[in-house]
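Please have your viewer open.

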Amino acid sequence: MQRILITGAAGGMATLLRPRLARAGRVLRLLDIADVPGGGDGAEIVRASITDMAAMQAACAGVDAIVHLGGLSTEHEWAPILDVNIHGTYVTLEAARRAGVKRVILASSNHAIGYVGTQDGEVRADAFPRPDTNYGVSKVAMEALGSMYADRYGLEVVAIRIGSCFEQPKDARMLRTWLSPDDGARLIEACVAAPAPGFRVVWGASNNTRHWVSLDEARALGYAPQDDSERFAAQLQAEQGEPDPASPLMRYVGGAWCSEGWNTAVKEQAKEQTK
Ligand code: 15L
């Protein structure tokens, strides 16, 4: 029986993936600080924080692979990003090492390279980090931690730079970054099944006609995407019009996260000054 631990199991992405990853011969162990609905389908529920080493070590017992989706999924001030996303990823990898878990799949993000421009051709999965936010920095740290745990301790670690994993793309940028939930599950399955991947960084996107990122590295792992955001393009264009290619939404992979509104440090400083 294969056992997969999913962190952040109550979150948006895990909620989309969980039914798609359930199968005979596999137990899903679902970990979150919040209530994870269900459990009647044979899943094991663990209520714990990814920052709690003892709890994470216990949760890793008997686990074949971890899908680490836990953490803050949007931009926040530095302290929570440091604690939940960076320290939480360290704890997850270290607990995996201590418990002898062989493989960890990390939910990195396009925001690790958010400031990469969209005009210079397909962005490879090994593009040098250009994080757009504190959140993006935490994903760079996640990839660095994964690399260190692979090289130093022999864990097999695949970091997926996820584009936009939702039921449907929500705007013109997401036509380029969309990862359908079905392809998301296909990619996780490929990451779980790949023989001896060592450490890899791959893009998590569907086979979108309009695309910015390379799927070569994910395909090399065995990923065979089947969805294309193009079927939503006409409707999105009718509803929202064609965006200005010079706007941050379309100019950078990170989209609006690269715009003025995401100046977290400036906002944090202003908040401190009004205290
Ligand atoms: C992410 O990394 C976020 O977790 C998600 O909320 C989306 O905003 C996504 O990136 C995106 O860039 O579309």
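The ligand is surrounded by S73, S109, N110, H111, Y135, G163, S164, R173, M174 and W257, where a residue counts as near if one of its heavy atoms lies within 4 Å of the molecule. This is a predicted model, in which local features need pLDDT of at least 70 and side-chain atom pairs count only at pLDDT 80 or more, while totals for chains, interfaces and linings use all residues. Residues are numbered from 1 along each chain as its sequence is written, and side-chain values use heavy atoms, leaving out hydrogens and water.

Which residues make polar contacts (pairs of N or O atoms within 3.5 Å) with ligand oxygens? S73 places a backbone N or O atom 2.6 Å from a ligand oxygen. S109 brings a polar side-chain atom to 2.8 Å from an oxygen of the ligand, and for N110 a side-chain N or O atom is 3.0 Å from a ligand oxygen. On its own the ligand has 320 Å² of accessible area, and the protein covers 82% of this (Shrake-Rupley method, 1.4 Å probe).

Now to the fold. Seven strands form an open sheet in the order β3-β2-β1-β4-β5-β6-β7, with parallel pairing. Strands here are DSSP runs of E with at least two residues, helices are runs of H or I with at least four, and two strands pair if DSSP finds at least two bridges between them. β3 (44-47) and β7 (199-204) are the edge strands; each has a single partner, so one side of each lacks a neighbour in the sheet. Neighbouring strands are turned by 20° against each other on average, direction ignored, using axes fitted to C-alpha atoms, with angles otherwise running from 0 to 180 degrees between N-to-C directions.

Strand β2 (residues 26-32) runs parallel to β3 and is joined to it by four bridges, with D32 opposite R47 in β3. Helix α3 (residues 78-99) packs on the sheet and touches β4 (65-68), β5 (103-109) and β6 (156-162), contact meaning heavy atoms within 4.5 Å. The direction of α3 makes about 175° with that of β4.

How values were computed: A polar contact is a pair of N or O atoms within 3.5 Å; within protein, one must be able to donate a hydrogen and the other to accept it, and residues adjacent in sequence count only if both atoms are side-chain atoms.
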